[in-house]
Amino acid sequence: MLGRTANGLYWMFRYIERAENIARLVDAGQRMSLTRSGAVEDDWDGVLQSAGVREAYNEVHSKLTGADAIDYLMRDRSNPSSVMSCIEYGRNNARMVRTALTRETWEATNECWIELKTLLGRRLKTAELPETIDVIKRRAGLIRGAFHGSMLRNDLYNFARIGTFIERADNTARILDVKYYVLLPSVSHVGSSLDNAQWESILRSVSAHRAYKWAYDPEYKPANIADFLILNSQMPRSLAYCYDKIVSNISYLALEHDKRLPAHDTADAICAMLQKLTVKNIMDQGLHEFLEDFVSRNNKLGAEISNGYRFYQ
């Protein structure tokens with residue numbers, strides 16, 4: 001029974017986190033498109049690529065426009081990674097494991113679904129997008145808060161947290177890659193006011209704008225921002241922070257069941273890599289190449305976690 005329940009909680013929290021992360025990705029794309037004087041379709045091409053749905057979008061739409069991209073990412077049921085689809089999947093998993101959830105967690109999840117079903121029931125106007133994204137972030141935060149504040153710290157809690165941080169690490173890498181590799185229009189813009197506005201948009205999209213200024217100089221420097229979002233273990237959406245938590249939660253499972261699985265070794269290896277790296281190492285390798293490799297490793301861990309449920313029966 002534990003394996004099935006763990007599976008449900010793992011995917012419930014992956015989907016809730018993914019819904020918020022897709023909304024953040026849309027927020028990043030919208031903010032950056034507003035800094036441009038033209039060719040905003042390139043911005044949304046990058047966002048769709050980073051969300052991993054560019055080809056699927058082409059199957060539904062013959063032309064790329066910002067409005068269609070936003071609609072596809074926010075509410076299109078044919079897109080399994082849209083915000084509405086993820087909220088639906090998350091709630092379905094919550095229903096499946098409802099007896100393993102506290103009342104507060106289930107109510108927060110159900111209320112999130114009810115409100116977003118109304119908000120995303122029709123195509124959004126541009127002026128409605130910021131408030132809708134804020135509602136998504138608030139609702140996701142309420143679910144996490146209810147869960148964190150009321151659940152026993154047992155195997156089920158650990159699986160839910162692992163799902164959250166695997167999904168979050170994937171999102172941070174993708175958002176950073178959108179800016180650095182896809183959306184920067186020209187080398188000539190590096191260090192310009194346009195470049196700085198886009199970096200600020202990236203930081204705001206991961207709720208890190210003010211925290212960055214606490215940790216680094218107010219000036220936006222690509223190396224500092226990469227260090228902040230990848231290696232800074234105090235930043236709760238950085239890759240290093242996510243993997244510190246993944247290793248912690250997955251280690252509890254190994255201790256509880258006296259059994260190590262391939263996922264334990266993969267998580268340890270990724271965490272060790274992040275601890276040894278410097279931002280200079282990353283920049284020398286190429287930020288896009290590093291992020292591409294990281295996403296691949298993170299996906300491998302996710303697959304190994306999924307395959308490991310049957311060992312926790």
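**Second largest pocket**

I sorted the lining of the second largest pocket by class and got three nonpolar, five polar and five charged residues. For this I counted Ala, Val, Leu, Ile, Met, Phe, Trp, Tyr, Cys and Pro as nonpolar, Asp, Glu, Lys and Arg as charged, and the others, Gly among them, as polar. The model is a predicted one, in which local features need pLDDT of at least 70 and side-chain atom pairs count only at pLDDT 80 or more, while totals for chains, interfaces and linings use all residues. Residues are numbered from 1 along each chain as its sequence is written, and side-chain values use heavy atoms, with hydrogens and water left out.

I took the volume of the second largest pocket as about 210 Å³. Of the 13 residues in its lining, Arg18, Ala51, Glu167, Asp170 and Arg174 are the closest to the centre. On a 1 Å grid over the protein atoms alone, a pocket is an open set of points with protein on both sides within 12 Å along at least five of seven lines; a cavity is a set where a 1.4 Å probe fits but cannot get out; lining residues have an atom within 4 Å of a point. Points are joined across faces, edges and corners, and the volume is the space filled by probe spheres set on them.

With five residues, α1 gives the most. Helices here are DSSP runs (H or I, at least four residues), numbered from the N terminus.

**Largest cavity**

I found two cavities of 30 Å³ or more. The largest cavity has a volume of about 60 Å³. Its lining consists of Phe13, Arg144, Phe147, His148, Tyr157, Ala160, Arg161 and Thr164. Two or more of these residues come from each of α7 and α8, and α8 gives the most, with four. By class I noted four nonpolar, two polar and two charged residues.

**Aromatic pairs**

I listed twelve aromatic pairs (ring centres of Phe, Tyr or the six-membered ring of Trp within 6.5 Å; planes under 30 degrees apart are stacked, over 60 edge-to-face, the rest tilted). Phe147 and Tyr157 are both buried, where buried means under 20% relative accessible area, exposed over 50% and partly exposed in between, with a 1.4 Å probe and protein chains only.

Tyr212 and Tyr216 are also stacked, at 5.2 Å centre to centre and 20 degrees between the planes. Tyr212 is buried at 0% relative accessible area, and Tyr216 counts as buried at 16%. I recorded a cluster of Tyr10, Trp11, Tyr15 and Tyr89, linked by ring pairs.

Arg91 lies over the face of Trp113, 3.7 Å from the ring centre. The criterion is NZ of Lys or CZ of Arg within 6 Å of the ring centre and within 35 degrees of the ring normal.

**Cysteines and α4**

I searched the whole structure for disulfides (cysteine sulfur atoms within 2.5 Å) and found zero. Cys86 is buried at 0% relative accessibility, and Cys271 is buried at 9%.

In helix α4 (residues 66–74), eight of the nine residues are buried. I listed them as Gly66, Asp68, Ala69, Ile70, Asp71, Tyr72, Leu73 and Met74.
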